Amino acid sequence: MPRTVPFPAVTPTQTTLTDHTTLRLGGPARAFAEATSADALVSLVARADAAGEQVLLLGGGSNLVVGDAGFDGTVIKISTSGWKRDGDFVDVAAGQNWDEFVESMVTEGLGGVECLSGIPGSVGATPIQNVGAYGCEISETLVSIEFYDRAAREVRTMSAADLGFAYRTSVLKGTDAGVVLSVRFALTPDGLSVPVRYAELARTLGVEIGERVPVAQAREAVLGLRRGKGMVLEPADHDTWSAGSFFTNPIIPADRVDLVRAQITEVVGDVRIPEYPADNGVKLSAAWLIERAGFVKGHQGPGGRVSLSTKHTLALTNRGGASTKDLLTLAAEVRDGVLKRFGVELHPEPLLINCHV
């Protein structure tokens, strides 16, 4: 049973979720509460569960699309912060801003998360979808999480093996099983990055695949690449009014690879198709497919209120005055266009609340 702690206020409200998502979209929440400690977070969730109340857990709002009707329940903002180092291990509060944490680890000369620089959102969200970028994934450094199990009403530790990590997913994704309270990472103290695996990053750094570089050098290179794609939050830049990559890179099962290759070649000609190894098949580039399906950077949706980013076709952006319906209309147009042209279905990466594509 959760310990008894002073209970944070749950306020009936018309708080609009546009103020709490990087897309700046979403309707009102019926009630809103903020948790600044793990105990308060557990108590809030436990009380809502006991009352049969719907709960939406909100971190940085960077991987979230909320419908225009909002959320008919209690939104709990996770505002815990801070971390504690234990040798080469670091325990981090779930509500801690992810990039602030990464920046501090790089400053301390700890390696392992530098290639994940510039990713918006909170630490607690990273294991849920096995966040990754530039050849690295959370699963490579995560040791365990502290987790409030809502069914058992108890806090327990889940190891990396328990989380069932795969490409952009874990056993927690798409479930309401519980709440991540903190995350433990194992980092390296030698001041060097993980081996560089991503070709674009290796070219930027001027190194060969597999080499290691100073962590600060890797971070700056990653931030530069992300800024060039509108993937570092800048309030004045509408290309960053997004949920990051809207679609995951599709994984084609081994028994369909030849068929898909043939269909793509029939459409675009005999060109090199970017492919990457994946379990039981190959992974294709969603951005490459979107562009070859005729959707260029800046392609506009309804009324020009939404568009593909002018810097990167994988981000769907709010140009100001948009609705969630506008965004999802554009998402459906892109998804259907790629499916019709290449026979490949794209799937959304963000969590969709009270809406669908």
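Predicted model: local features only at pLDDT ≥ 70, side-chain atom pairs only at ≥ 80, totals over all residues.
1. Strands of a sheet pair through backbone hydrogen bonds, either parallel or antiparallel.

2. **Pairing around β10.** Strand β10 (residues 142–149) is joined to strand β12 (residues 178–186) by seven bridges, and the two run antiparallel. Within this pairing, E146 has S182 in β12 as its bridge partner. The pairing of β10 with β11 is also described as antiparallel, with six bridges. Here S144 stands opposite S159 in β11. The strands β10 and β11 form a hairpin with four residues between them. R153, which lies in the turn, has a positive phi of about 55 degrees.

3. **The contact of α2 with α4.** Two packed helices are described by the angle between their axes and the distance between the axes. The axes of α2 and α4 come within 9 Å and cross at roughly 145 degrees. On the α2 side, D99, V102, E103 and V106 take part, and they meet V215, A216 and R219 in α4. By class, this contact has four nonpolar, no polar and three charged residues.

4. **The three-stranded sheet.** A further open sheet has three strands in the order β14-β16-β15, paired in the antiparallel sense. The edges are formed by β14 (251–253) and β15 (275–278); each has a single partner strand, so one side of each is left without a neighbour in the sheet. Neighbouring strands of this sheet are turned by 35 degrees against each other on average, direction ignored. Four bridges pair β15 with strand β16 (residues 281–284), and E275 stands opposite L284 in β16. Helix α5 (residues 257–268) lies across β14, β15 and β16, running at about 35 degrees to β16.

5. **Salt bridges.** Side chains of opposite charge can pair when their charged atoms come close. If a side-chain nitrogen of Lys or Arg must lie within 4 Å of a carboxyl oxygen of Asp or Glu, the count comes to 20 salt bridges. One of them joins D239 and K311, whose closest N and O atoms are 2.8 Å apart. D239 lies in the loop between α4 and β13 (242–245), while K311 lies in the loop between β17 (306–308) and β18 (315–318), so the pair ties together parts that are 72 residues apart in sequence.

6. **The second largest pocket.** The volume of the second largest pocket is about 240 Å³. Of the 20 residues lining this pocket, N97, I119, P120, G121 and L233 are the closest to its centre. The elements that give two or more residues to the lining are β5 (71–78) and α4 (215–228). The lining residues divide into six nonpolar, eleven polar and three charged.

Methods
Residues numbered from 1 in each chain as written. Heavy atoms only, no water. 1 Å grid on protein atoms, 1.4 Å probe; cavity = no way out; pocket = protein on both sides within 12 Å on 5 of 7 lines; lining within 4 Å. Points joined across faces, edges and corners; volume = space filled by probe spheres on them. Nonpolar A, V, L, I, M, F, W, Y, C, P; charged D, E, K, R; others polar. Pairing = 2+ DSSP bridges. Axes fitted to C-alpha atoms, helices over the stretch in contact; angles between N-to-C directions. Contact = heavy atoms within 4.5 Å.
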